[in-house]
Amino acid sequence: MIIVEGLQKKFGDNEVLRDISTTITEKEVVCIIGPSGSGKSTFLRCLNLLEEVTAGVVKIGEVTVTAPKTNIDKLRQNVGMVFQQFNLFPHLTVLENIMLAPKHIKKASKAENEKQALALLDKVGLAAKKDEYPARLSGGQQQRVAIARALAMNPRVMLFDEPTSALDPEMVGEVLQVMKDLAHEGITMVVVTHEMGFAREVADRVIFMDGGYIVEQGSPAAIFDAPQHERTQAFLSKVL
Amino acid sequence: MMSSWQVIVDAMPLLLQGLWITVKIVVISLLIAFAIGLITGLMNTSSNKILKFIATLYIDIIRGTPLLVQVFFIYFALPAFLDIRIPAETAGIIAISANAGAYIAEIFRAGISSIDKGQREAARSLGLSQVQTMRLVILPQAFRRMIPAFVNQCTISIKDTSLLSVIGIKELTQSGEIIISTNYRAFEIWGTVGVLYFIIIYGISRLSRVLERRLSLK
């Protein structure tokens with residue numbers, strides 16, 4: 001599903017990603033953990049080219065993301081993204097937020113689009129809020145709407161960039177629950193997170209990144225219970 | 001000697017005619033200026049260096065020279081140089097549009113860059129193109145923030161049209177001068193001219209406050 005080979009990213013002289021290679025298979029749920037500044041968010045953002053890649057190859061499905069001629073808009077329609085800061089469109093209602101992309105990209109009929117949007121809202125438990133503006137929602141609710149919005153284009157892959165880091169503690173659970181449900185539906189997910197409990201419970205594979213490298217990866221049990229690398233051990237001893 | 005009221009009443013038809021020309025020039029000029037400002041503002045925020053250079057050059061030239069010089073240049077210098085004739089009113093509209101356009105471009109640039117970059121990223125990550133992102137996500141939010149600055153520019157442009165009296169356009173100020181040259185009643189006429197400008201500008205300020213409240217994000 002996703003193939004990454006020799007991915008490098010520099011911001012000026014600052015090398016954020018040094019040499020990343022990994023393969024993510026269809027329906028796999030991958031959690032990326034690591035200290036801040038380790039490059040995990042940048043890695044995620046390289047997958048849908050929100051960051052320009054300095055060197056290396058990223059393929060999603062049959063599409064080589066990093067090839068110069070790739071229609072990046074088309075690719076992004078297959079790759080949903082959820083941000084730390086939600087980034088809902090404040091001038092549109094909840095329903096309009098979800099319907100925007102299908103309306104203007106797929107030219108979906110209004111009735112069909114609305115039906116799908118309501119179904120998605122129902123899935124994240126917010127059907128009652130369909131006509132509210134984002135500013136009237138709590139952080140957890142906004143993030144659940146953002147997930148519904150990303151799902152509206154029926155993406156094959158969902159990227160989550162620290163989706164619960166900006167939330168008050170009591171709202172983290174509701175967002176993680178929605179993500180768990182998604183994982184069980186079998187959508188391919190790449191999740192950058194500090195929620196170790198979520199990673200342990202839901203991930204098929206955990207990747208530990210530090211200093212722009214993948215230091216260690218494996219099943220949640222392998223990483224959390226028997227980390228091999230000393231940097232993984234040091235990190236986990238601080239967060240667990 | 002005629003009473004002040006009588007002077008004002010007698011002058012009113014001519015002054016209102018002047019006011020009409022002022023309003024006409026302002027409305028046409030601001031519509032053009034809005035288009036110029038939008039295009040130049042977008043050029044200025046684009047990553048294309050040539051577009052950006054052209055936009056910056058235009059804005060710097062307009063901001064760096066007095067409007068009066070711009071009016072003279074367009075009305076006297078350009079026609080002489082290009083060997084064409086430009087009617088005074090057209091020249092006036094060109095000058096006001098070009099002038100306001102540069103300032104509105106800066107308002108657009110500031111409005112666009114005030115929108116959090118996460119908005120752009122969210123829109124692009126959904127697969128919306130750059131143009132769609134600008135049109136559907138960035139500009140609708142930027143417009144709301146621009147209203148006060150845009151209204152401010154409107155009021156400035158209205159007052160700027162009084163400079164067009166120097167090229168003989170019979171707008172409000174010029175009408176006042178014409179009337180005074182026949183009746184020598186400076187106090188009544190300039191007073192009335194001032195009040196007429198004030199009514200228009202104050203009305204627009206009030207209207208904008210209503211608009212702002214209507215459009216404010218709930």
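Visitor: Is A:Lys27 buried or exposed?
Guide: Its relative accessible area is 54%. The scale calls a residue buried under 20% relative accessible area, exposed over 50% and partly exposed in between (1.4 Å probe, protein chains only). At 54%, A:Lys27 is therefore exposed.

Visitor: What kind of model is this?
Guide: Residues are numbered from 1 along each chain as its sequence is written, chains are lettered from A and ligands numbered from 1 in the order in which they are written, and side-chain values use heavy atoms, with hydrogens and water left out. Local features need pLDDT of at least 70, side-chain atom pairs count only at pLDDT 80 or more, and totals for chains, interfaces and linings use all residues, since this model is predicted.

Visitor: Where in chain A is A:Lys27 found?
Guide: Helices (H or I, at least four residues) and strands (E, at least two) are DSSP runs, numbered from the N terminus. A:Lys27 has a positive phi of about 70°, although it is not a glycine. Its place in chain A is the loop between strand 2 (14–24) and strand 3 (29–33).

Visitor: Which residue forms a salt bridge with A:Glu28?
Guide: A salt bridge needs a side-chain nitrogen of Lys or Arg within 4 Å of a carboxyl oxygen of Asp or Glu. For A:Glu28 the closest N and O atoms are 2.9 Å apart, and the partner is A:Arg205.

Visitor: How many residues apart in sequence are the parts that A:Glu28 and A:Arg205 tie together?
Guide: A:Glu28 is buried at 12% relative accessible area, and A:Arg205 is buried at 13%. A:Glu28 lies in the loop between strand 2 and strand 3 of chain A, while A:Arg205 lies in strand 9 (residues 205–210) of chain A, so the pair ties together parts separated in sequence by 177 residues.

Visitor: Is A:Glu201 buried or exposed?
Guide: The side chains of A:Lys180 and A:Glu201 meet in a salt bridge with N to O at 3.3 Å. A:Lys180 lies in helix 6 of chain A and A:Glu201 in helix 7 (residues 196–202) of chain A, so the pair ties together parts 21 residues apart in sequence. A:Lys180 counts as buried at 17% relative accessibility. A:Glu201 has a relative accessible area of 55%, so it is exposed.

Visitor: How many of the residues of helix 1 of chain A are buried?
Guide: The buried residues include A:Phe43, A:Leu44 and A:Cys46. Helix 1 (residues 40–47) of chain A is largely enclosed by the rest of the structure, because the buried count is 7 of the 8.

Visitor: What is the area buried between chain A and chain B?
Guide: Buried area is the accessible area (1.4 Å probe) that two parts lose on being put together, summed over both. Contact means heavy atoms within 4.5 Å, and the contact takes 24 residues from chain A and 21 residues from chain B. Carbon and sulfur atoms give 60% of the buried area, which is about 2,000 Å².

Visitor: Which residue does B:Arg124 meet in a salt bridge?
Guide: Between chain A and chain B the count is 2 salt bridges. In one of them, with N to O at 3.0 Å, the side chain of B:Arg124 meets that of A:Asp73.

Visitor: Are B:Tyr75 and B:Phe76 stacked or edge-to-face?
Guide: Rings of Phe, Tyr and Trp (its six-membered ring) pair if their centres lie within 6.5 Å; planes under 30 degrees apart count as stacked, over 60 as edge-to-face and the rest as tilted. By this rule there are 8 aromatic pairs over all chains. The rings of B:Tyr75 and B:Phe76 have centres 4.8 Å apart and planes at 65°, so the pair is edge-to-face.

Visitor: What is the angle between the planes of B:Phe198 and B:Tyr202?
Guide: B:Phe198 and B:Tyr202 are 4 residues apart in helix 8 (residues 186–215) of chain B, which means about one helical turn separates them. B:Phe198 is exposed at 53% relative accessibility, and B:Tyr202 is partly exposed at 44%. Their aromatic pair is stacked, with 5.5 Å centre to centre and the planes at 10°.
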